[in-house]
Amino acid sequence: MSNVPRWAVLATACAAALTAVAGCSSDSSKNDDGKRAESAKGSSAAPSGSSADPSANSSSDPSANSSANPSSSAASGDAPSGSPRTGSPPTGSASAGSAPARSAPAGSPPPPSGSIPVGPGPQPSYAVQQQPAAGSCHYRFTPAKEPLPDPACTPGATNPKVTRATLKTTICRSGYTAGIRPPASVTSRQKTANAAAYGYKGSLRDAEYDHLIGLQLGGDPNDPRNLWVEPPSPGRKEGKGAGDPKDVVESRLKDAVCSGKADLVKVQQAVARDWTTALDVLGVPGKPAKPAKPAKGATTSAPDGGG
């Protein structure tokens, strides 16, 4: 039988047992610190009311309770306090894909004063155009009793092919107007309907179906806004034809445009406003001459005899 005292055997057995349960060691504070360190690495502090040892949550090191990864809030999707949530753009910003508001280009000029409608221009073939309703148009007359059209019915219309840049190949080229003039088969029917619109009761042979802005000044060939039944000038004998002094004015204005002495657009505006004052307004020298007698067999049903 061993000579080891019984108390020593019991002490050794107790020490082994205490080590196994980690609670009987006389160095319990070291084990508690180890457990707290493991807890800080793998999990957050025990919730309030937990049965865990209160001393584990009351360490003197304040960092023990703030061991959570600071990036965890971002990983969870929670925005920091004061930051806008994803998908809510800041006030005043445009949402993705929205088009910016459109505005007029800087420096865009306003529409010119007295601008004239633009017609369809010369056509390969012309169709009879509808005229204003019967009795809806009213003549005006100058102090000299020269007739002027109703601006509501006949404001004029320009030929889009005639511009400042195309003068040499259009109105300043010999024979241009003859190639764009509508045929009498079209204009004669329009003339009859337009006479009814203006309430014209005289002989149609003495009236000219006139382009307000002549073809030789860049007027549209068959736009109804540029055509009107023009009564004969004062003193013209019945049956002698229209004898229109307006044709002479237009010829002089065309010469001024083609020689660079007058501006095309200003000429068109002056004629549409009042052809009888256009030469004076534009400073073009000369006075309307007495129109020549129409050639034998000529008809005034074709518009704009001089244009």
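Here is a walk through the fold, the disulfides and the aromatic rings of this chain.

Keep in mind that what you're looking at is a predicted model. Start with the overall layout: the chain has eight helices and four strands. Following the sequence from one end to the other, they come in the order α-α-α-β-β-α-α-β-β-α-α-α. Of the 307 residues, 31% count as buried. The accessible surface is about 19,200 Å², and carbon and sulfur atoms make up 56% of that. As for how the chain meets itself, take the contacts with a separation of 6 or more: 73% of them are between residues 24 or more positions apart.

Now for the cross-links. The structure holds two disulfides, and with the bonded cysteines numbered in sequence order, they pair up 1-2, 3-4. Cys137 and Cys153 make one of these, with 2.1 Å between their sulfur atoms. The torsion about the S-S bond is -100 degrees, a left-handed link. Cys137 sits in the loop between helix H3 (72-76) and strand E1 (140-141), while Cys153 sits in the loop between strand E2 (147-148) and helix H4 (176-180), so the bond ties together parts 16 residues apart in sequence. Both Cys137 and Cys153 are buried.

Cys172 and Cys258 form a disulfide as well, their sulfur atoms 1.9 Å apart. The link of Cys172 and Cys258 is left-handed, at -95 degrees about the S-S bond. Cys172 is in the loop between E2 and H4 and Cys258 is in helix H6 (residues 246-258), so this pair bridges parts that are 86 residues apart in sequence. How accessible are these two cysteines? Cys172 counts as partly exposed because its relative accessibility is 29%, and Cys258 is partly exposed too, at 34%.

On to the rings. A search of the whole structure turns up four aromatic pairs. One of them joins Tyr139 and Phe141, with 6.2 Å from centre to centre and 50 degrees between the planes, a tilted arrangement. Tyr139 has 18% relative accessibility, and the cut-off for buried is under 20%, so Tyr139 counts as buried. Tyr198 and Trp228 also pair: their ring centres are 6.4 Å apart and their planes meet at 55 degrees, so this pair is tilted as well. Here distant parts of the chain are linked, since Tyr198 belongs to helix H5 (residues 184-198) and Trp228 to strand E4 (residues 227-230), 30 residues apart. Tyr198 is buried at 5% relative accessibility, and Trp228 is buried at 0%. Put together, ring pairs connect Tyr139, Phe141, Tyr198 and Trp228 into a cluster.

How values were computed:
Residues are numbered from 1 along each chain as its sequence is written. This is a predicted model: local features need pLDDT of at least 70, side-chain atom pairs count only at pLDDT 80 or more; totals for chains, interfaces and linings use all residues. Side-chain values use heavy atoms; hydrogens and water are left out. Rings of Phe, Tyr and Trp (its six-membered ring) pair if their centres lie within 6.5 Å; planes under 30 degrees apart count as stacked, over 60 as edge-to-face and the rest as tilted. Buried means under 20% relative accessible area, exposed over 50%, partly exposed in between (1.4 Å probe, protein chains only). Helices (H or I, at least four residues) and strands (E, at least two) are DSSP runs, numbered from the N terminus. Contact means heavy atoms within 4.5 Å. Accessible areas come from the Shrake-Rupley method with a 1.4 Å probe; for residues, only the protein chains shown count as cover. A disulfide is a pair of cysteine sulfur atoms within 2.5 Å.
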